[in-house]
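Please read them alongside the sequence and the coordinates.

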Amino acid sequence: MEEGKEFGMRKEVEESHVGKEIENDQEAIKKIIASHPLFEVLIESHINCLKVGSEDAGEFDIKRDAWKKMVNTKSKETSSPNTSELDHFMEAYCMALDKLKEVIEEPTKEANAFINSTYIQLKELDEGNNLAT
């Protein structure tokens, strides 16, 4: 019976140790990503996607400032070299966000073009009625 308790306690200690190592690794990875030169561009691209169609764009400016502050803090903490794999990921992610923004904006641009076209036609009709009278 004592052997079973001792084994169980040893297992819990080992699991706790592994959990802390994973947590430390995740924090290190977060710091490396946050210190990457394209991280701020990525955040900016993400916020620009969120702004499309949003009525309260000012809310995102506050979030952007908070992100910049966090990035500046984390980049001072970590001076790890960037890997080419991370470089490629960050570049691809930024490009994907830019394309997403364009796709999100497209229906709005089409709707605005339609509204402007309709407005011009209505204005021409109104001007034609004013000339006829």
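1. The side chains of K30 and E27 are joined by a salt bridge, with an N to O distance of 3.6 Å. The term denotes a side-chain nitrogen of Lys or Arg within 4 Å of a carboxyl oxygen of Asp or Glu. K30 and E27 are separated by about one helical turn because they stand three residues apart in helix α1, which covers residues 2-34. K30 is partly exposed at a relative accessible area of 45%, and E27 is likewise partly exposed at 36%. Here buried means under 20% relative accessible area, exposed means over 50%, and partly exposed lies in between, with a 1.4 Å probe and protein chains only.

2. On provenance, this is a predicted model, in which local features need pLDDT of at least 70 and side-chain atom pairs count only at pLDDT 80 or more, whereas totals for chains, interfaces and linings use all residues. Residues are numbered from 1 along each chain as its sequence is written, and side-chain values use heavy atoms, with hydrogens and water left out.

3. How many salt bridges does a search of the whole structure find? The search finds two. Besides the pair in helix α1, K101 forms a salt bridge with E105, where the closest N and O atoms are 3.3 Å apart. K101 and E105 are four residues apart in helix α4, so about one helical turn separates them. K101 is partly exposed, with a relative accessible area of 25%. In general, side chains of opposite charge can pair when their charged atoms come close.

4. I47 belongs to helix α2, residues 39-51. Is I47 buried or exposed? I47 is buried, at a relative accessible area of 3%.

5. E91 and L38 are 53 residues apart in sequence, yet their C-alpha atoms are 7.3 Å apart in space. E91 is partly exposed, with a relative accessible area of 41%.

6. The structure holds one aromatic pair. The ring centres of F89 and Y93 are 5.6 Å apart and the planes meet at 45°, so the pair is tilted. Under the criterion used, rings of Phe, Tyr and Trp (its six-membered ring) pair if their centres lie within 6.5 Å; planes under 30 degrees apart count as stacked, over 60 as edge-to-face and the rest as tilted. Both residues lie in helix α4, four residues apart, or about one turn of the helix. F89 is partly exposed at 49% relative accessibility, and Y93 is partly exposed at 35%.

7. As to the overall architecture, the protein has four helices and zero strands, in the order α-α-α-α from the N terminus. Helices (H or I, at least four residues) and strands (E, at least two) are DSSP runs, numbered from the N terminus.

8. Finally, some totals deserve mention. Of the 133 residues, 14% count as buried. Among contacts with a separation of 6 or more, 80% are between residues 24 or more positions apart, a contact meaning heavy atoms within 4.5 Å. The protein exposes about 10600 Å², of which carbon and sulfur atoms supply 57%; accessible areas come from the Shrake-Rupley method with a 1.4 Å probe, and for residues only the protein chains shown count as cover.
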